[in-house]
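Subject: Structure handover

Hello,

Here is the structure I promised to pass on. Please open it first, then read my notes below.

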Amino acid sequence: MAKEFVIKVPASSANIGPGFDVLGISLNLYLTVTVKIDPVAFGEESRKDPNNCIIVYEGEGIEQVSLRSDENLMVQMALFVLRSNKVRTFPLGTRVSVHNQVPLGRGLGSSGTAVVAGVLLANAVGEFGFSKQRCLDYCLMVERHPDNITATMMGGFVGSFLRKLSASEFETVHQPLNHLLSPEDTSVFPTDAPLNLGTHVQYSWSPKIKCIAVIPQFEVSTKLSRSVLPKSYKISDVVFNLQRLAVLTAAVGSENPSSDLIYPAMQDKLHQPYRTVLIPGLSSIVSEFTPETHPGLLGICLSGAGPTILCLATDNFDKIATDVVARFNKENIECRWLLLEPAYDGATMEEMSKL
Ligand SMILES: Nc1ncnc2c1ncn2[C@@H]1O[C@H](COP(=O)(O)OP(=O)(O)O)[C@@H](O)[C@H]1O
Ligand SMILES: N[C@@H](CCOP(=O)(O)O)C(=O)O
């Protein structure tokens, strides 16, 4: 029996200034995965792969993403979920065609899209019928900051936290990633993901607010960008962020969003100041661009772990974006920019046919 389905997963921008590892918004830029399971058409070819999975890829990341099923993050993630549920490989004749619009290593949550797509892929292939909440558990085993993943999966503007783990859950969750994703012995099924690892809420977002993403032409991996952060913080810096976080989450949902509230509420002392060493121009950009210099601008911050800059605005999108690009150009950094909106549906899976 042949089967076809399409998985569509939006990009995300995490942190939004003060919400480090807490806030995320899904954006209408997509990783789209078309899956065909057809033993007659693809059985012979898929047999060449130890996991019966043919991967075809186009779009962002084409030069760097591995097409081997045991090295590709999305497919590794799907295999982890399949094996957690006692299914060793994909069905014979599985062909996964990826079209990716999400640039890699730019702070737009590409790894989150790959992880979420992988879990939905396994859910569909294995016919497990997991809810999105259960799918999140598998994602949060691998990405231990819930901000991107939760926004990408659930859609819209989202706040989230991870729950406290028992000692045995801690061991399950914190095992080395290669034990989970590239196990040496594929005959041993991994311990299943603990239940309800993440809790989230979806906040209101004014339809007047658009997201300008200014995307530099260089990559900063999230791992590197987290390595420059301090191990502990001054209480005054933590309080600075908490105060702004509380105001920001309500201010962006207002019918008439106010830059008087949003601009100062998007300031941060927990991650951006430390990441300036990796992103030339960052500290000037987030301080020099204001609602006074650029009417229509509501607030400006680093997107995720960077290097993309996120500007929230209600007007003058071209002017704001091209001026940020010009500021990066002064640092000899080329950029492109996109005008984006929240992707409210989050990740979706549509079954096309079952023949
Ligand atoms: N579509 C994809 N398919 C497979 N792997 C991907 C895909 N997108 C991202 N990745 C993996 O995620 C890495 C980037 O993740 P990360 O450093 O967290 O940056 P980002 O800010 O884009 O999430 C890539 O180097 C690659 O290993
Ligand atoms: N809170 C994380 C978010 C990383 O987002 P990404 O889009 O860069 O993967 C962080 O700031 O490290």
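This is a predicted model: local features need pLDDT of at least 70, side-chain atom pairs count only at pLDDT 80 or more; totals for chains, interfaces and linings use all residues.

Helices and strands here are DSSP runs, numbered from the N terminus: a helix has at least four residues, a strand at least two. You will need that for names such as H8.

The pLDDT of the protein averages 96. A score of at least 70 is reached by 99% of the residues. The model also has an ipTM of 0.99 and a pTM of 0.98.

**The two domains**

The protein splits into domain 1 (3-200 + 343-354) and domain 2 (205-340). Note that domain 1 is written as two stretches of chain. The domain centres, taken over C-alpha atoms, are 27 Å apart. The two domains touch: 24 residues of domain 1 are in contact with 31 residues of domain 2.

Which strands supply the side of domain 1 that touches domain 2? Strand E1 (3-14), strand E2 (23-37) and strand E5 (157-162) each give at least two residues. E2 has the largest share, with three residues. Sorted by class, this side of domain 1 has eleven nonpolar, twelve polar and one charged residues.

**How the strands pair**

One pair to look up is Ile25 with its bridge partner Phe157 in E5. E5 also pairs with strand E6 (residues 198-203). Six bridges join E5 and E6, again antiparallel. Here, look for Gly159, which stands opposite Val201 in E6.

**Ligand 1**

How many residues surround ligand 1? There are 21. The closest are Leu73, Ser110, Ser111, Ser221 and Thr222. Helix H2 (73-84) and helix H3 (110-125) are the elements that give two or more residues to this shell. H3 gives the largest share, four residues. By class, the shell around ligand 1 has eight nonpolar, twelve polar and one charged residues. Each domain takes part: domain 1 and domain 2 both give at least three residues to the shell around ligand 1.

**Ligand 2**

Ligand 2 has 17 residues around it. Ala14, Gly107, Gly109, Gly304 and Ala305 come nearest. Two or more residues of the shell come from each of helix H5 (146-154) and helix H8 (222-227). Which element gives the most to the shell around ligand 2? H8 does, with three residues. The shell around ligand 2 holds four nonpolar, ten polar and three charged residues. Domain 1 and domain 2 each supply at least three residues to the shell around ligand 2.

**A database entry**

One item comes from a record. An unreviewed UniProt entry lists residues 72-156 as "domain: GHMP kinase N-terminal". In the model, the chain over residues 72-156 is 56% helix and 8% strand.

**Where to start**

Begin with the two domains, 3-200 + 343-354 and 205-340. Finish with H8, which gives three residues to the shell around ligand 2.

Best wishes

Terms used. Residues are numbered from 1 along each chain as its sequence is written. Chains are lettered from A and ligands numbered from 1 in the order in which they are written. A residue is near a molecule or strand if its C-beta atom, placed from the backbone, lies within 6 Å of it. Ala, Val, Leu, Ile, Met, Phe, Trp, Tyr, Cys and Pro count as nonpolar, Asp, Glu, Lys and Arg as charged, and the others, Gly among them, as polar. Domain bounds come from an automatic or database domain assignment. pLDDT is the predictor's confidence in each residue, from 0 to 100. UniProt positions are given in the numbering used here, feature names are shortened, and annotations may be inferred rather than shown by experiment. Two residues are in contact if their C-beta atoms, placed from the backbone, lie within 7 Å. Two strands pair if DSSP finds at least two bridges between them.
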